[in-house]
Amino acid sequence: MKVGLLDVPLLIVIGGICAYIYAKHLINRNRDWYVFLILFFTLLFWLNILISNLVASNPWFGIFGVAKVHPLIGTFYVLSYPLWFSWGAERIFQIFGRTPEEEGMLWPFTLRERGKPFKPSWKS
Amino acid sequence: MHEEKRALVTGACGFTGGHMIELLVKEGWEVVATDLKREEHKQYYCEEGTLHPAYYEDIIEKLKVEFIPADLTKKETLIPLFEGKPPYDAIFHIASLYDYFAEWDVLYKVNVIGVKNIAELAIEYKAKRFIHWSTEGVYGEAEDSPIDEDHPFNPPNNYSKSKAEQERVLWALYKEKGLPLTVLRPAPIYGPRHRYGVYHILYALRRIGTGVVISWYPRKKTLMFPSVHVTDLVRAAIFCAEHDETIGKSYNVLSDCITQTEMLEFLYDALGIKKVVRIPIYWPIYKFFSKIAMRIITYLDRRARKRGIRPKVDVPMAGYITHQYWFSNKRLKDLGFKYIYEDPRKGLWDYITWCKERGWL
């Protein structure tokens, strides 16, 4: 079974970028955006693996490297994609916060407030 | 005929002062309130930055108590508080420069010279009781048991040093000139309208948004969390004012201490912080990392001072993550005082709810 060598690092980075955009912008539009993003990217990566294995091409056309592995290992590897996306996202949530009001672990190490003001609980 | 008791409350526009007046009025005392004028307040407090001690004049207006503005550092401005008035049954001396960001000169001027000025007038005008607000900070760090009122002073920062010095001045006046003194040493205070101190912790946790719970090993190194709800503190003050046996004594005023681990777990629940990371850590390793954190906070403090703004975390406040602050409230309890918020979690729950309703947290 062919798998993308850099799929996991890519998903971690994409997960992180998505988490930042979600926390600072998308969350206010719709809280489900995080689920939409994780579904979209996981399905995209799965589709890529599926196509490359079915039509005998390479994942991402070989740009990010290809490895041939035992189908069982390959299946576990591919199924773990959403977890790696979440792992990357979670690191960014911890560093930059989960909402526009939060600033994450960076907060104590900066001088200016960047987070938005808190809303009264009955309005949030 | 029941005669109305008369009280003078200093620091009336501060957080604790406002609560003191509210309770005194509710209990039927006649109150004279004093504080700096709002414009003078700014000369002692840096108000640039997120969090700083607040000034609440609206409480006085709402309660319609007599307000005489005065500056503790200028004795002549204090005289109208006493002249031509019958002696006070109690002076609740709350006014203090409670600001970890303040320089020593200003702290000394307000907290030490200021207290001397008002205490001398209290003696001269025959006040019956002088209830003074000190701080638990005068003791410094505990070892492996809670600190009681007889523990020697070892203040860890400038603010606490100024409070220790303040007490020395007052105890000298008590011994030499008969000042009817009672000293309250509250732990960090919180409650409605509170915005400087415990609020910083809650605000920081809320801004960070991810919970970190630390368990120290060996377990005997577990750090404690002392605190007191403002309602209990002002009740304790009136309780002491009404018990003459408290003259010449000092009292720690705080809820029962719980561990920082328990407190953090509770705070994350109360603040709605769902993601919690648990870190069990060996004490020497924790000390090493906390020293690095303190250096970073000290560096940020220096940078903030250069820019003329307040840092997000005052250096002495960060001391709570490295020092053991553990105090006993036994003496006041033995006297018969009953805390409403014996478990600090009950009081903090009320306070956090209050803050959340107003968009403060």
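Predicted model: local features only at pLDDT ≥ 70, side-chain atom pairs only at ≥ 80, totals over all residues.
In which loop of chain B is the place of Pro218(B)? Pro218(B) lies in the loop that connects strand S8 (211-217) with strand S9 (224-225) of chain B, helices (H or I, at least four residues) and strands (E, at least two) being DSSP runs numbered from the N terminus. The peptide bond that leads from Tyr217(B) into Pro218(B) is cis, with omega near -5°.

Residues are numbered from 1 along each chain as its sequence is written, while chains are lettered from A and ligands numbered from 1 in the order in which they are written.

In chain A, helix H1 (residues 7-29) and helix H2 (residues 33-54) pack with their axes 9 Å apart and at an angle of about 155°, where axes are lines fitted to C-alpha atoms, for helices over the stretch in contact, and angles run from 0 to 180 degrees between N-to-C directions. H1(A) is therefore roughly antiparallel to H2(A), on a scale in which angles under 35 degrees count as roughly parallel, over 145 as roughly antiparallel, 65 to 115 as roughly perpendicular and the rest as oblique. Residues that make the contact include Leu11(A), Ile14(A) and Cys18(A) of H1(A), together with Leu37(A), Phe41(A) and Phe45(A) of H2(A), contact requiring C-beta atoms, placed from the backbone, within 7 Å.

Two loop residues other than glycine have positive phi values. Phe61(A), with phi near 55°, is placed in the loop between H2 and strand S2 (66-68) of chain A, and counts as exposed because 10 C-beta neighbours lie inside 10 Å. Arg193(B), with a phi of about 80°, belongs to the loop between strand S7 (189-190) and helix H7 (198-208) of chain B, and counts as buried, with 20 C-beta neighbours inside 10 Å. In these assignments a residue is buried if 20 or more other C-beta atoms lie within 10 Å of its own, exposed if 12 or fewer, and partly exposed in between, with C-beta atoms placed from the backbone.

Gly248(B), in the loop between helix H8 (230-241) and strand S11 (249-253) of chain B, is partly exposed, with 14 other C-beta atoms within 10 Å. Leaving aside residues up to four places away in sequence, Gly248(B) touches Tyr174(B) and Leu181(B).

How values were computed:
Contact = placed C-beta atoms within 7 Å.
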